[in-house]
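Hello,

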Amino acid sequence: MGNMQKLLAELFGTFTLVFVGSLAIIAAGETGTALLVSIALGFGLALMIGLYAFGEVSGGHFNPAVSLAMFLDKRLPASDLIGYWVAQFAGAILAALVVLVAFDSKTVEGTVTGVNPAYGTGAALIVEIVLTALFLAIILQATQSEKFGRSALTAIPLALVAIHVAAIPISGASVNPARSFGPALIGTKFDDIWLYFVAPAAGAVLGWVIHKVVVTGDTKLRVDRNATRAATH
């Protein structure tokens with residue numbers, strides 16, 4: 001492993017610590033801490049449930065951005081990519097429909113991802129791109145490294161908890177187009193919906209590039225055709 005890779009790993013590792021930690025500080029001042037943590041844990045633990053229940057079957061992506069990154073890394077065939085996206089969006093829409101049936105449209109509207117006007121669209125866009133990139137960098141490595149063993153099933157949900165704690169008061173913490181689109185469609189509230197498609201897609205590509213350069217040392221972004229092991233997320 002080259003020295004430059006080690007330096008880049010330290011650079012991005014420190015960046016992750018300071019960036020996410022700083023956002024968490026900002027978030028604590030904008031939203032009630034107990035409410036913020038409960039929402040973050042809700043999403044993280046929900047992801048863990050999905051991974052343990054269905055992850056061995058499909059790889060447990062549950063997120064179009066994850067599927068895109070897995071496709072770029074040659075772990076998901078092109079023939080499966082569109083099917084995964086359709087299933088993910090359908091699942092999100094179905095979830096929002098169940099909330100509608102159980103409660104009402106106002107309740108569904110309350111679950112829609114939204115940009116905090118106090119920070120603006122620009123800040124939300126940057127936060128969503130960067131956090132999606134970090135999320136995908138974690139997923140790409142944790143699901144292929146033998147050193148981590150089965151810890152990916154807890155590390156990835158915990159990463160999602162951290163992302164929500166950091167980003168809920170700024171961008172609503174999406175990092176997942178399906179998660180944002182399902183409630184938006186059923187709640188008929190499409191404010192800034194474009195952001196929740198563009199940012200996770202850009203973040204997925206950026207996360208894959210970071211993974212290839214920093215972890216595998218592939219500065220030319222060559223595809224490792226041996227990396228075909230299915231992701232557990």
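There are four aromatic pairs, counting rings of Phe, Tyr and Trp (its six-membered ring) whose centres lie within 6.5 Å. Planes under 30 degrees apart count as stacked, over 60 as edge-to-face and the rest as tilted. One of the pairs is Phe89 with Phe197: the ring centres are 5.8 Å apart and the planes are at 10°, so this pair is stacked. Phe89 belongs to helix H4 (residues 78-102) and Phe197 to helix H9 (residues 195-215), so the contact ties together parts 108 residues apart in sequence. Helices here are DSSP runs (H or I, at least four residues), numbered from the N terminus.

This is a predicted model, in which local features need pLDDT of at least 70 and side-chain atom pairs count only at pLDDT 80 or more, while totals for chains, interfaces and linings use all residues. Residues are numbered from 1 along each chain as its sequence is written, and side-chain values use heavy atoms, with hydrogens and water left out.

Phe89 is buried at 18% relative accessibility, whereas Phe197 is partly exposed at 33% (buried is under 20% relative accessible area, exposed over 50%, partly exposed in between; 1.4 Å probe, protein chains only).

Phe197 also pairs edge-to-face with Phe181, at 5.9 Å centre to centre and 75° between the planes. Phe181 is in helix H8 (residues 177-187), 16 residues from Phe197 in helix H9. Phe181 has 21% relative accessibility and counts as partly exposed. Phe89, Phe181 and Phe197 together make one aromatic cluster.

Regards

Terms used: Helices (H or I, at least four residues) and strands (E, at least two) are DSSP runs, numbered from the N terminus.
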